[in-house]
Amino acid sequence: FKVSNQYFVNGFEDQALSRYMLLAAQGFEVANYNAAFILEKSKDFKHFSRATLFYSRSALMNNSESRRKVGDVFYRLGDPVSAVAHYVIAARSDSPDPEALFNLGYAYETGVGLNLDLWSAMDMYSISLRHGKSGKLAINLVMFRLRLKIMLNSLRKLINPSMSKYEQKSIKSQKDTDKVFTMFIT
């Protein structure tokens, strides 16, 4: 079973962590995930690297949620290309992680770690919506905004097929605004 926050009361975390670490050393995937989960909830930074180790081991045993968490670590460390590689693996697994699919959509939409492709972003968001149980409102809002963006870009290309350097700079600054808006929505 996977650990939840309700499992720990009155300081049983240390005892559970030591048991999960023992089982993780024996090669149990769920124990690796649970040990990482407990360590991740700790406020101490030294536990963050240990949690990443356990998530990595769980990811190698085909846990798509752990694979996404490893991708999140790479993204926080400033390596979006490696993060996207982990998101792709998590999205292609037998049970794809909806958050990894959403993160891929965000990467396609903003061009961070991948080439900018609004249609692929829309595909990733819609697949995430189908697989996810939560965050449906946020994904629908992001998809609505993305549809507007696609429509405006199509109109802009119809009106003026050749863009000036000023318009290209304007689009680049708009990408930064879009990133902030997407982060705010989610």
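Me: What makes α4 and α5 roughly antiparallel to each other?
Reply: This is a predicted model, where local features need pLDDT of at least 70, side-chain atom pairs count only at pLDDT 80 or more, and totals for chains, interfaces and linings use all residues. The axes of helix α4 (residues 64–76) and helix α5 (residues 80–91) cross at roughly 170 degrees and come within 7 Å. Angles over 145 degrees count as roughly antiparallel, so α4 and α5 get that label. Residues are numbered from 1 along each chain, and side-chain values use heavy atoms, without hydrogens and water.

Me: Which residues in α4 meet α5?
Reply: Among them are R67, V70 and F74 in α4, which meet α5 residues including H86 and I89. Contact here means heavy atoms within 4.5 Å.

Me: Why is the pair of F102 and Y125 called tilted?
Reply: Rings pair if their centres lie within 6.5 Å; planes under 30 degrees apart count as stacked, over 60 as edge-to-face and the rest as tilted. The F102 and Y125 centres are 5.0 Å apart with planes at 45 degrees, so this pair is tilted. F102 sits in helix α6 (residues 98–110) and Y125 in helix α7 (residues 118–131), 23 residues apart.

Me: How do you know whether F102 is buried or exposed?
Reply: Buried means under 20% relative accessible area, exposed over 50%, and partly exposed in between, with a 1.4 Å probe and protein chains only. F102 has 13%, so F102 is buried. Y125, at a relative accessible area of 0%, is buried as well.

Definitions and conventions:
Axes are lines fitted to C-alpha atoms, for helices over the stretch in contact, and angles run from 0 to 180 degrees between N-to-C directions. Helices (H or I, at least four residues) and strands (E, at least two) are DSSP runs, numbered from the N terminus. Angles under 35 degrees count as roughly parallel, over 145 as roughly antiparallel, 65 to 115 as roughly perpendicular and the rest as oblique. Rings of Phe, Tyr and Trp (its six-membered ring) pair if their centres lie within 6.5 Å; planes under 30 degrees apart count as stacked, over 60 as edge-to-face and the rest as tilted.
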